[in-house]
Amino acid sequence: MTNTGRPRKTIVHKPASVTFAEASTLPQAALIALQGTSGKIEPGDRVLINGAGGGAGAFAVQMAKADGAEVTGVDNGLKQEFIRSLGVDHVFDYTRTDYTKTNARYDLILDLVCERSMFAIRRAVAPGGCYAAVGGSVRALVSAASLGRLLSTGGRRIGVLMVRPNKDDLLRVANMVVAGTLHTTVERTYPLEGVPEALRHLGEGRALGKLVIEIG
Ligand SMILES: NC(=O)c1ccc[n+]([C@@H]2O[C@H](COP(=O)([O-])OP(=O)(O)OC[C@H]3O[C@@H](n4cnc5c(N)ncnc54)[C@H](OP(=O)(O)O)[C@@H]3O)[C@@H](O)[C@H]2O)c1
């Protein structure tokens, strides 16, 4: 399994029991989830995953639950059942509910889409809690990095998570999959000529977890 950046430092053997399609979902999405949750959660913490029904979100939900968190997953209404199947405790449809306006406070927010204002997000972070922006527009990420510093008061840490591809974490997530403690979520695989259909499915907001394109 490879990742972008420094290939020799980020290649590990694919476990025999993991298919190539499953393995292809791990290097980016599972490392985002691992580095976004590992060592950041105490049992009973309230954790919100924004974008819970996507590639990284589906892994992050599982990892946060395994760490003993009470997990809220946010995504569109078509993915609610899927997100529940991952083990979340609460679900919000982002087209109907703005999680920053519910009065709930979270010990950890992992944000895969970064579409709310930093001021609104700060209200949803509990004192001593952490907010990590991972994905979204460049503008949103710059805002999270710059405004996040100013808004990191009351023990809160608000900023951007820069994911570091590395062999140890890749092996860790691969071993979790082999052990059955982490489940890959490949909704569908497509042949190369199926890319337009895959993109349509994605664009309609229907993709659950990961879509994989198989080449050859
Ligand atoms: N920080 C780093 O170091 C780093 C490294 C690699 C990648 N990244 C970035 O990290 C992100 C990884 O995300 P991913 O692979 O999980 O993406 P993904 O598979 O596209 O999942 C994103 C999910 O968020 C949902 N969503 C869209 N708008 C939303 C909103 N306003 N509120 C809540 N959920 C919303 C999407 O649903 P819909 O179907 O409705 O759109 C989708 O289910 C990407 O943006 C990638 O570029 C960051």
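The legends below describe close-up views of a predicted model. Local features need pLDDT of at least 70 and side-chain atom pairs count only at pLDDT 80 or more, while totals for chains, interfaces and linings use all residues. Residues are numbered from 1 along each chain as its sequence is written.

**View A. Packing of helices H2 and H3.** Helix H2 covers residues 26–37 and helix H3 residues 55–66; helices are DSSP runs (H or I, at least four residues) numbered from the N terminus.

**View B. Residues at the H2–H3 contact.** Among the H2 residues that meet H3 are Ala29, Ile32 and Leu34, and the H3 side includes Phe59 and Met63; contact requires C-beta atoms, placed from the backbone, within 7 Å. The contact residues comprise ten nonpolar, three polar and no charged (Ala, Val, Leu, Ile, Met, Phe, Trp, Tyr, Cys and Pro are nonpolar; Asp, Glu, Lys and Arg charged; the others, Gly among them, polar).

**View C. The shell around the ligand.** The ligand is surrounded by 23 residues, of which Gly51, Gly54, Ala56, Gly135 and Val163 are the closest (a residue is near if its C-beta atom, placed from the backbone, lies within 6 Å). H2, H3 and strand S2 (70–75) each give two or more residues to this shell; strands are DSSP runs of E, at least two residues. The shell has eleven nonpolar, ten polar and two charged residues.

How values were computed:
Axes fitted to C-alpha atoms, helices over the stretch in contact; angles between N-to-C directions. Contact = placed C-beta atoms within 7 Å.
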